[in-house]
Amino acid sequence: MVLVQFGVYAWTAAAGPLDVDAMVRWGAKVGPLMTEAGQPWRLVTANFLHRDLPHVGLNMLVLLAVGWVLEGAWRRLDYAALLVASGLATMTASLIWAEEVSVGASGMAYGCVGGLIVLGRRHRAVLSPLARRMAGEGVLPTVLVFLWMGWTSVGVDNAGHLGGFLAGLWAGVFLVPRKLTPQEPRRVGLLRAGGLVLVACGGAALGVWGRSTWRVERDGVFGVSVSMPQGWRQGADRFGRVAFSNGLPGLGRASFAAEALDMGEPGDGEPQARRFLETVLVPGGAGELPVRSQGPEPARVNGQRALRVRAELPGPGGLTHLMAFFVPQGDFVYQLVFTWPGAFPGYARVVERMVAELRLDEPAVLREARARALLVPGAGEPLHALGTALRRWGRPAQAVAPLEAAVKLSPAWVGTRVELARAFFESGRVEEGCRAAEEAQVYGPTEAIALEAGVRCELARGDAEGALRRLEAARRIAPLDSRLRAAEAALRATVVPGP
């Protein structure tokens, strides 16, 4: 065991320092990869990796000092079963109670110490004088002191140490020195060692299964509900203000980010998807490797039409897959971005499930507007706010009723009449929308927003030239309005095409 451990250390050290990414690459205990990407074998491989020479040296010193006593007192098969059980228990306990990336054989060393304690208490008479001294009264307090020191230190996998120690105590209860059973059939030893390993494997399987649960995370501001693995945590991400990831900083990182982009006008999300491709996914701009992209292409999210963009970005240890959805919702477009490492294809299934179970609910501003309208009945301003929120978040048909009620309560509010006209237009009720726009101009003949409502009427009727004349009148009233200036330029290009 000691030779294998030093051999593995020499092999990994020859490839460079064992930083976090290298630990992940070589097979460290990485909770998300074990429970989400289908790599439970890391429960074994993590026991054979070490950060540096002092790390492996100290662990091997304990194994040499304690292991020879156990291997000499028990049968070799029993000792091997102890090492397997304590190694699995170490990484299982670390998986359950510690989120950090973890490596090392210290859990097996603690398991040997636990086995020595039980051996010294149950079968002290058959041990050699030196072994009796090692398993004496001071060993348990010493172990407890070391556990306490680890628990109060930073960067120590205390959960793993405790798991290995308890596994050693448990295994020691069932193992009997060979001097007490000299004629024991080999078949009995195989069954005993196999039973210990089988129970340890069962405990490890239960630990992985218990950490493989999912939860639903809901953001009340944007109204985005997404199902994700239990271990994902919220954090910063360049792709959106609401972001979650599996916690890995580099290699193996998977993430989800959401943003609601206010476009000011209803649309299909294509300009936002194109802008995402042109500004975020710039070929060659994210690293040495070129970015491969695809889309936008039609898709559906939460039963709603959407556009999807796919890309491959350079990342630690290979390519990172990216899939972005752009879901129009009234004046807003939801930008939903998923990334996952190409080196771990199991994450593709995780992302598929997250997309399938993603839901877009009412945002906070709409819920608050509903509450205000209920709390202050008969007031125009809350009804105006509710109607505006309903229209802006893609519910123009529902917006008509509160806006009509607000107009009756406050006939002189031009803004409410304009919102009512827009709600009619976006609901497909063109003539009613034009009538509301004309009424808005009656109450606000010199207000640009009222004239703009007339522009929408002409566009809804298909009269681009009439819309341009109305837009020019609105520009004369508000010559510094950049939005009107851009709209006039776009409409003029449509009416009078260039060469």
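Does Cys 457 count as buried or exposed? At 4% relative accessibility, Cys 457 counts as buried. The model in which this residue is found is a predicted one. Cys 434 likewise counts as buried, at 1% relative accessibility. Cys 434 and Cys 457 form a disulfide, with 2.0 Å between their sulfur atoms, and the structure holds one disulfide. A disulfide is a covalent bond between the sulfur atoms of two cysteines. Because Cys 434 lies in helix H18 and Cys 457 in helix H19, the pair ties together parts that are 23 residues apart in sequence. The torsion about the S-S bond is about 105°, so the disulfide is right-handed.

Two further cysteines deserve attention. Cys 112 is in no disulfide, and the nearest cysteine sulfur, that of Cys 201, is 17 Å away. Seen from Cys 201, the closest cysteine sulfur is the one in Cys 112, and the distance of 17 Å is too far for a bond. Cys 112 is buried, with a relative accessible area of 0%, whereas Cys 201 counts as partly exposed at 37% relative accessibility.

The account now turns to the interior. In soluble globular proteins, nonpolar side chains tend to be buried together. In this model the largest nonpolar core has 70 residues, and those with the most contacts inside it are Phe 256, Phe 325, Tyr 334, Leu 336, Phe 338 and Tyr 347. Helix H17, residues 414–426, supplies the largest share of this core, namely seven residues. The surroundings of Leu 336 can be followed in detail: apart from its neighbours within four places in sequence, Leu 336 is in contact with Phe 256, Ala 257, Ala 258, Val 301, Met 323, Ala 324, Phe 325, Val 327 and Leu 358. A second, separate core has 31 residues, including Met 60, Trp 74, Val 113 and Ala 193.

Just after H17, Gly 428 takes a positive phi of about 85°.

The model has 28 salt bridges. In one of them, the side chains of Glu 184 and Arg 75 meet at 3.7 Å, N to O. Glu 184 lies in the loop between helix H10 (158–174) and helix H11 (186–210), and Arg 75 in the loop between helix H5 (53–73) and helix H6 (76–97), so the pair ties together parts that are 109 residues apart in sequence. Arg 75 is buried, with a relative accessible area of 18%.

Another salt bridge joins Glu 217 and Arg 215, whose closest N and O atoms are 3.0 Å apart. Glu 217 counts as partly exposed at 23% relative accessibility, while Arg 215 is buried, with a relative accessible area of 18%. Glu 312 and Arg 292 also form a salt bridge, with 2.4 Å between the closest N and O atoms. This pair links distant parts of the chain, as Glu 312 belongs to strand E7 (residues 304–315) and Arg 292 to strand E6 (residues 292–301), 20 residues apart. Arg 292 is partly exposed, with a relative accessible area of 48%. Salt bridges that share partners also build one network, which includes Asp 262, Asp 331, Arg 391, Glu 419, Arg 422 and Arg 456.

One arginine remains to be described. Where is Arg 395 placed? Arg 395 is in the loop between H15 and H16. Arg 395 is buried yet has no salt bridge, and the nearest side chain of opposite charge, Glu 362, is 4.3 Å away. Leaving aside neighbours within four places in sequence, Arg 395 is in contact with Glu 362, Leu 366, Arg 370 and Leu 390.

Notes. Residues numbered from 1 in each chain as written. Predicted model: local features only at pLDDT ≥ 70, side-chain atom pairs only at ≥ 80, totals over all residues. Heavy atoms only, no water. Core = buried A, V, L, I, M, F, W, Y, C linked by side-chain atoms within 4.5 Å. Buried < 20%, exposed > 50% of the residue type's maximum accessible area, 1.4 Å probe, protein only. Helix = DSSP H or I, 4+ residues; strand = E, 2+ residues; numbered from the N terminus. Contact = heavy atoms within 4.5 Å. Salt bridge = Lys/Arg side-chain N within 4 Å of Asp/Glu carboxyl O. Lys, Arg positive; Asp, Glu negative; His and termini not counted. Disulfide = S-S within 2.5 Å.
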